[in-house]
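Here's a quick look at a protein with its ligand, written for someone who likes the cut-offs spelled out.

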Amino acid sequence: MGTYSHFEVKLLSGAVGAVLSGIDISEELSADAIVEIRQAWLEHLVIFFREQQLSDERLMAFGRRFGDLYLHPNLAKKGPNPEVIHVVKEPEATRVVGAEWHTDTGHVECPPMGAILHALEVPPRGGDTLFANQYLAYETLSDGLKAALDGMKAVHDDSRVAGPNANKGRSTQTRDDEEWTPTENAHPVVRTHPETGRKALFVNVASAHKFEGMRRAESAALLEYLFKHATRPEFTCRFNWEPGSVAFWDNRCLKHIAVNDYQGHRRDMRRVQLVGDRPA
Ligand code: SIN
């Protein structure tokens with residue numbers, strides 16, 4: 001494990017995730033501190049901070065230390081800070097954003113590099129987020145399957161998460177206007193992380209519906225196997241939110257899922273995403 005001078009690190013599981021303490025990310029941090037945070041992020045894939053007071057401006061400012069902020073094609077709203085997405089579940093809502101294991105916005109040509117999620121209000125219990133390490137998901141495949149997947153692409157679209165049927169029961173609304181049509185892009189099933197050089201599985205039940213050059217029915221069994229394999233418990237960690245908690249995840253080598261187990265309670269989060277590159 002790396003050694004860091006600007007914060008302490010506590011691992012959240014044997015597979016992924018670390019809580020960084022002793023650092024206030026609402027402050028203007030030194031370049032040195034940002035380099036260390038980035039190293040810890042690359043090492044642990046998702047890093048967490050507790051007891052942070054971040055206005056929208058400070059959340060955006062922290063995000064900009066790691067890259068340009070991303071404008072979400074289906075969630076961005078008009079207003080002064082369209083980069084800040086409100087991920088909210090009101091007590092009467094029955095569904096949440098991110099209720100299936102997914103990488104964020106996998107259907108676009110260049111999915112976001114990462115996301116930073118800040119909790120303002122959390123339910124008295126529940127509402128956790130789980131993360132799954134997709135390097136491990138790839139590395140634990142058999143050599144035969146690794147060879148078969150080499151060069152294969154999966155076709156992703158946003159028809160499960162946006163459009164006419166997406167918003168029923170949800171407080172945070174995705175685009176469903178009449179001009180909306182699904183966006184489709186093919187991405188490698190195994191991508192190479194541009195910073196670490198490691199290979200990660202990159203298929204997504206929320207967006208990948210077939211392999212390029214194949215029919216849906218022909219793709220279904222193998223996709224199903226990969227979706228299930230990718231989220232084996234031993235690849236995961238689980239984060240329990242408190243007001244002021246922050247998660248900063250690497251969308252290039254992780255999946256995550258929001259647990260919808262707090263019916264009747266409110267959960268209110270703010271998220272920014274960082275511009276990413278085309279998976280290769
Ligand atoms: C998301 O999928 O980005 C939402 C995660 C969460 O609300 O825990």
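What follows goes from the overall fold to the ligand site.

This is a predicted model, where local features need pLDDT of at least 70, side-chain atom pairs count only at pLDDT 80 or more, and totals for chains, interfaces and linings use all residues. Numbering runs from 1 along each chain as its sequence is written, and side-chain values use heavy atoms, with hydrogens and water left out.

The protein has 5 helices and 15 strands (DSSP runs numbered from the N terminus: H or I of at least four residues for helices, E of at least two for strands). Its C-alpha trace spans about 50 × 45 × 35 Å along the principal axes.

Now the ligand. Its shell includes V87, W249, R267 and R271 (a residue is near if one of its heavy atoms lies within 4 Å). By class, that shell splits into 5 nonpolar, 4 polar and 3 charged residues (Ala, Val, Leu, Ile, Met, Phe, Trp, Tyr, Cys and Pro count as nonpolar, Asp, Glu, Lys and Arg as charged, and the others, Gly among them, as polar).

The protein covers 100% of the 260 Å² of accessible area that the ligand has on its own (Shrake-Rupley, 1.4 Å probe). As for secondary structure, strand 14 (254–258) and strand 15 (267–274) are the elements giving two or more residues to the shell around the ligand.
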